[in-house]
Amino acid sequence: MREKNFAPSRILIYLVVSLIAAAWLAPLVVVVLNSLRTNEEIAQASMIGWPKQWAWSNYAAAWSGFCVAETCAGIRPYMLNSALVTIPATIFSTLLGAVAGYAVSLWRFRGDSWIYGIVTLGLFLPQQMRLLPWTIVLRDTGLMNTLTGLVVIHTIQGLSFTVLFCRNYYTAIPQDLIRAARIDGAGFFRIFWRIILPLSPPILVVTVIWQFTHIWNEFLYGVTFTTGQQQPVTAALIALSAAVADIPQHGVQSAAVMIAALPTLLIYLIGGKYFVRGLTAGAVK
Amino acid sequence: MTIAIPTRPGRSAVSDVVRRLPEYLTIWVPLLLSAAHLIAFSLWTIWISFTPSTLVPVSGWVGLRNYSSVAASRNWQIALDNLLLFGIAFVLLSLATGLILAILLDQRIRGENLLRSIFLYPLAVSFVVTGTVWSWLLNPGLGVQKLVRDLGWTSFRFDWLIDRDMAIWTIVIAAIWQSSGFAMALFLAGLRSVDADLIKAAQIDGAGPIRMYRRVILPTLWPITITVIVIQLQFAISTFDLVRALTNGGPGIATQLPALVVYDLMFQRSLLGRGAAAAVLMLLILLAVLLPYAGWRYVQRRRAIHA
């Protein structure tokens, strides 16, 4: 095997793969470098270049200094909004999805496969089909332009994914285990707590990572149902680009983009394996 | 199959239901909320699409008038043309890129995990972020064109972002970059699950690496290929964030896509009836892709059971 590594065809493979990998990394490298260049330096040269002086102050300005629309508090408030929407919605949709996934896969009840089938339709139904009804529901319940409204939306809509993930995972647990526990007198919650939950960490990690990434990155609902100070960070970034169109501050903007991307990038770095598992689990639905 | 558990003697059916109420609520409330919102909201949007609603939803019946005015609008026609071009170009190119990457990574190379992470990381980042970054890179006054000109090649042109005819290709580029990794991951899983005996048999027959891929390995990948095509098409049909951040539909309306038309009609022009009609049309386009796929999956599953 060893001499094979030096064959010309092997070198060619490594060369091609490295080139493509470099192209894939290029956008990230460009933003990271730009986030450390001054606005003036970028304006004189181009977006692609090595920092002449390291402008760490871009991050401070992006975090709490520059102005989006009329407020000058950086993207900190919007990051906080995104966290306040993403964390509760991730927890709620994962917990409810785990219980419901257990109910449809192991507990079984009349109509379970029907309702499961309908719930998973949510994977396909375009968001656009739900925009107007959500608008009306949020307005009538007083949740329009609130973070609570976004938490409700993401929790209910996230169920389609979380129920699918958990159900597919739990079907591998033998039904006899549940049957035996029921004969011993264990009820729905006891079985969930004592048998199902201890077996669940692998799928819960996949679900949490998937939900967190998706809700954090979501844009359409954020921009439709919130305005101004209530917007999540994705919507705020678009507002920022529009606001600074006349006098671009690409250094600070790059820092803002990096900060907004950081939570999901970090999660990907730490739990990439689980993220990919979610990605492919959704594909074989 | 439901397991019948006999109720304990001495308890009436009513008290049994009361006792098990928390269980019923926990099972049914989330599932019903999810299922009911999907069905009710879809029907609601379909209903609005047949009403003369503008700023607020109103009752009334205008038949297919909203549909005909959406279909006749220039905005929608351009969006459909773009979707056709974007859908085909993006799906074919990301399929090809994903397959090439998967085959390269399958050559037992060092650093496979690192490389796989590199090709997949764009999927963890929001389209708003990547769209913004690509809008800088592709901006002729800021990005690649500026760089190459500064290096001395002053006649270099790469201004697709502001070119009406080419702007849609900037979205193709960004979308390929963002989601080829997904195709790669699925293809790689497929390549790894090819029957080892099959490969051994072909090796004994003296098949070289290229012949091996063409004749033995790739033919086993076609079910995965269809899945990838359908998922990527589904993504293409509902593309919104990426375009919003990259071109915002411009220059002019050159990169308009159905999802942007829906948003524009609903929330910028306050033509709810027409917006809903455009959303339903989007759903129909999606169904035109998904229903044949569902039928194919059904046949496959039947065959697997009977085989």
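This is a predicted model: local features need pLDDT of at least 70, side-chain atom pairs count only at pLDDT 80 or more; totals for chains, interfaces and linings use all residues.

A: Call a residue buried if 20 or more other C-beta atoms (placed from the backbone) lie within 10 Å of its own, exposed if 12 or fewer, and partly exposed in between. Residues are numbered from 1 along each chain as written, and chains are lettered from A and ligands numbered from 1 in written order.

Now the layout: chain B has 14 helices and zero strands, counting DSSP runs of H or I with at least four residues as helices and E runs of at least two as strands, numbered from the N terminus. Its C-alpha atoms fill a box of roughly 90 × 65 × 30 Å along the principal axes.

Let's zoom in on helix H5, residues 112–120 of chain B. Leu115(B), Arg116(B), Phe119(B) and Leu120(B) are its buried residues. They sit on the same side of H5(B) because they cover an arc of only 130° around the axis, going by the directions from the helix axis to the C-beta atoms. Over on the other side of H5(B), Asn113(B) and Leu114(B) are exposed.

Zooming back out, 68% of the chain B contacts (C-beta atoms within 7 Å) with a separation of 6 or more join residues 24 or more positions apart.

How values were computed
Two residues are in contact if their C-beta atoms, placed from the backbone, lie within 7 Å.
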